[in-house]
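Reader: I've got the model open and I'd like to know what sits behind each label. Can we take them one at a time?

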Amino acid sequence: ARGRFASYEEGQAWFEEHVRNEVVVPKPTLAEAAAMIAAAGGWASLAHPGYYWKDGFPVLERLAALPALGVEAVELEYPYRLSSPELFSEEDEREFTASLRAAGEELGLRFTRGSDAHRAADLERIYGPTPA
């Protein structure tokens, strides 16, 4: 806004390179975070499980542990191929989504959908131009 950087991304890159923040922020455990979400009337969902799968983490086999931690849902629909084409083919995305749906239904988990959009340009990249 003050013209110091041409874009948010340029400013963020400068910040990450030059600013050292030694502040430690305590983070709740997964169970504590899920309990806070439930206390506020929501339900916790595991976001982007396809990335864990691509990293070799056995996310499909570990889904059964989620309810005991207070996690009631998994993000079933996510534009992996459009967000990370270097990692996901259309076939990868379809295979993972079908496997996740089958495993989640068997466990009675809820499903969510996400875009990971943080700006209007992100939404347009995934879903196309926003109608006027």
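Reader: What radius of gyration does the protein have, and how does that sit against a compact globule of 132 residues?

Author: The protein has 18 Å, while a compact globule of 132 residues would come out near 14 Å. The radius is taken over C-alpha atoms, and the globule rule is 2.2 Å times the number of residues to the power 0.38. Along the principal axes, the C-alpha atoms fill a box of roughly 55 × 35 × 35 Å. Before we go on: this is a predicted model, where local features need pLDDT of at least 70 and side-chain atom pairs count only at pLDDT 80 or more, while totals for chains, interfaces and linings use all residues. Residues are numbered from 1 along each chain as its sequence is written, and side-chain values use heavy atoms, with hydrogens and water left out.

Reader: Which residues stand opposite Ala73?

Author: Ser45 stands opposite Ala73 in strand 2, and Ala73 in turn stands opposite Arg110 in strand 3.

Reader: Why is strand 2 called mostly covered?

Author: Five of its seven residues are buried. Buried means under 20% relative accessible area, exposed means over 50%, and partly exposed is in between (1.4 Å probe, protein chains only). Over the 132 residues of the protein, 24% count as buried.

Reader: Why is Ala68 called exposed?

Author: Ala68 has 74% relative accessibility, so the exposed label applies. Ala68 lies in the loop between helix 4 (59-62) and strand 2. By contrast, Ala102 in helix 6 has a relative accessible area of 47%, so Ala102 is partly exposed.

Reader: What makes Phe5 and Trp14 a tilted pair?

Author: Rings of Phe, Tyr and Trp (its six-membered ring) pair if their centres lie within 6.5 Å; planes under 30 degrees apart count as stacked, over 60 as edge-to-face and the rest as tilted. Phe5 and Trp14 are 5.9 Å apart, centre to centre, with 45° between the planes, so the pair falls in the tilted class. Phe5 is partly exposed at 35% relative accessibility, and so is Trp14 at 41%.

Reader: And why is the pair of Tyr51 and Phe88 called edge-to-face?

Author: The angle between the planes is 85° and the centres are 5.5 Å apart, so the pair meets the edge-to-face rule. Tyr51 is in helix 3 (residues 49-54) and Phe88 in the loop between helix 5 (80-83) and helix 6, 37 residues apart. Both are buried. Ring pairs link Tyr51 and Phe88 with Trp53, Tyr78, Tyr80 and Phe96 into a cluster.

Reader: How do you know that Lys54 lies over the face of Phe88?

Author: The rule wants NZ of Lys or CZ of Arg within 6 Å of the ring centre and within 35 degrees of the ring normal. Lys54 is 5.4 Å from the ring centre of Phe88. Arg101 lies over the face of Phe111, at 5.7 Å from the ring centre.

Reader: What's noted about phi of His48?

Author: Phi of His48 is near 50°, a positive value in a residue other than glycine. Most residues other than glycine have a negative phi. His48 lies in the loop between strand 1 and helix 3, and with a relative accessible area of 21% His48 is partly exposed.

Technical notes. Pairing = 2+ DSSP bridges. Helix = DSSP H or I, 4+ residues; strand = E, 2+ residues; numbered from the N terminus.
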